[in-house]
Amino acid sequence: MMRQVDNREYATAIRAVISEMFVARGDGHIGGSFSIADVMAVLFNKYLREDPKDWFVLSKGHAGPAYYACLYLQKKISKKDITTLNANGTILPSHPDRNLTPGVQCSTGSLGQGISQAVGIAYANKLKKTGALVYCIVGDGELNEGETYEALEFASNKKLNNLIICIDSNKKQVDGLIKDVSCDYDYQKLFEGLDLTVHMILGNDVEEIDDTLSEILAADDGNCHVLVLNTIKGKGISYFEDAENCHHVTFNETELKELTKYRMENEGAVKHVLGITE
Amino acid sequence: MSWELQNNLDSKKEIREVYGNTLESMIKEGKDIMVCDSDLVGSSGAGKIFETYKENSVNFGICEQNMIAAAASMSVMGYKPFVHSFSPFVSRRVMDQVYVSAGFSKNDLHIYASEPGFWSQYNGATHTTFEDFAIMRSIPEITVVSPSDPVTFAWVMRYYAEHGGVFYNRCTRRNIPMIYKEGSTFAYGKSNLIMEGSDVLIIAEGSMVADALEAAKRLKDRGISVGVIDLLFIKPLDKELIDQEVRKYKLVISVENHNIYGGIGEAIGAELALQHADCEFRRLGVHDRYGQVGTVDYLKDIYQISSEHIVKTALEYVEHHE
């Protein structure tokens, strides 16, 4: 897919659409949806192809709103659906459902399983020589789940060079900091220890993400690559960035104002991405 | 559906051999089969597939959770995945993966859950499942089968390969009697009335069908007329056949290599109640116990689910009502 708009503007548009969903709903997984908006922007704006059909797996399924924002910007879901997050009868449940939402490729939300689905799909595509690539976003809290290591071992063993795994290292999980609840990971050693190629990068910097992905695809070195995205939970709105815990928030009045303000200020980006000119 | 009985229990076949051979013939026929295992390649009977058909097989290592989710997801590319492990590792350990990545996702998956219940023999409680029917029955749209012999086992595999869906196929790997003649075919969701009678109806699952037939023979010698149903489908339950048959008998006995909680006894009992069936009902199964080590005969005896116990249950009823 050709780059349509500036990646930075795409990321802003994603956050603005998520804000609209959350204002309509009154609560949501804002922290992890905002932290991945930049990598989502780069993937959906530039990398995910229709032919061959690439695969996107949001293993950290609770960031569904970020996925839906991209599908809206791609015009796979409609404007009226955006305000129905988690409403009765919605096609936008908090966690993605491949049989319910147009454009969603995998049903995720049970942590650990998305990455397993991704390795299965990558291996099947490799065997069938489709040329398709699989991009999978895994939460750093999700790495608590033992199944993620089973999947990484498999990716390593099968040299899944058509799979790119992005770890959203926002450093916080529901009950606190990852290093307190789980442990203080050394991702470089951890993933290198599994014989995977590791890239430690700034995960809220669209240029660094874009450059890294371009290098990986150009090198085509036969390895499975892991991008550890150093991100900020709630990135985009300083109020949430500074919050101790913004994993899932039932928004108070101040917070709703923050979200509304963000949406209003960035409506232009949404329209631009959608290709609508005022 | 067209099946024919062997009429004796003398010819036997190893299920693991049937598993390997059936997979191989389907691959040779050009079916898009993906055979998966979790470090038990040498045990399932599919070892030759992993040696010969590299493009149709993958060993996930001792990673059952990843295997279930990854294998089921391979079906999005047109594969019909077959996974195997000992029954606890493809039921208890992976219920959520079966629920989310196979069932809810509407992917295809055939799970061969081997050595269920007392068939775990010397592996004991960790390797014994007396709860897997309960686990799998409760997941929406999953088909749960318990083949009684090599012919039904192979038929289930082929049915899945043709039609897809999620199948939990619970069966030993061992040498077990042929109940049906080679080439017999069956129907989805249908149980088989393999013996007709008028006094006692035994409804059995899996390898307990052979025990039911033995019990029937001994009861017949005592002048009791016995019917036997090979349930085959645990879910969906063949309500039609059950409703039709139970009306002809005074006593119905269910027999299962499973806990009485969540097993076939509960399923059949509920059906009898819903139909206001006018018969007595006894259920033989494991009474809320963990597994333990021992031979198959010893374990059947300990858990009171041997042919001996079926006979005893029937006779107690008959003597009481004479």
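Which residue of chain B forms a salt bridge with A:Lys128? In this predicted model, local features need pLDDT of at least 70 and side-chain atom pairs count only at pLDDT 80 or more, while totals for chains, interfaces and linings use all residues. Residues are numbered from 1 along each chain as its sequence is written, chains are lettered from A in the order in which they are written, and side-chain values use heavy atoms, with hydrogens and water left out.

**View 1. The salt bridge between chain B and chain A.** A:Lys128 forms a salt bridge with B:Asp32, and their closest N and O atoms are 2.3 Å apart. A salt bridge here is a side-chain nitrogen of Lys or Arg within 4 Å of a carboxyl oxygen of Asp or Glu. Across the interface of chain B and chain A, 1 salt bridge is found by this rule.

**View 2. The interface of chain B and chain A.** Contact, meaning heavy atoms within 4.5 Å, involves 26 residues from chain B and 25 residues from chain A. The two chains bury about 2,100 Å² between them, with 56% of it on carbon and sulfur atoms; buried area is the accessible area (1.4 Å probe) that two parts lose on being put together, summed over both. On the side of chain B, the residues that lose the most area to chain A are B:Asn66, B:Met77 and B:Phe104, which together account for 25% of what that side buries.

**View 3. The two domains of chain B.** Chain B is divided into domain 1 (12-177) and domain 2 (192-320), with bounds that come from an automatic or database domain assignment. Their C-alpha centres lie 26 Å apart, and 33 residues of domain 1 are in contact with 34 residues of domain 2. The area buried between these domains is about 2,500 Å², of which carbon and sulfur atoms give 64%. B:Phe118, B:Phe130 and B:Arg137 supply 34% of the area that domain 1 buries against domain 2, more than any other three residues. A salt bridge joins the side chains of B:Glu205 and B:Arg170 (3.9 Å, N to O).

View 4. B:Thr143 is found in strand E6 (residues 143-145) of chain B, where strands are DSSP runs of E with at least two residues, numbered from the N terminus. B:Thr143 counts as buried because its relative accessibility is 3%, and buried means under 20% relative accessible area (1.4 Å probe, protein chains only). Leaving aside neighbours within four places in sequence, B:Thr143 is in contact with several residues, including B:Val166, B:Phe233 and B:Pro236.

Technical notes: Helix = DSSP H or I, 4+ residues; strand = E, 2+ residues; numbered from the N terminus. Buried < 20%, exposed > 50% of the residue type's maximum accessible area, 1.4 Å probe, protein only.
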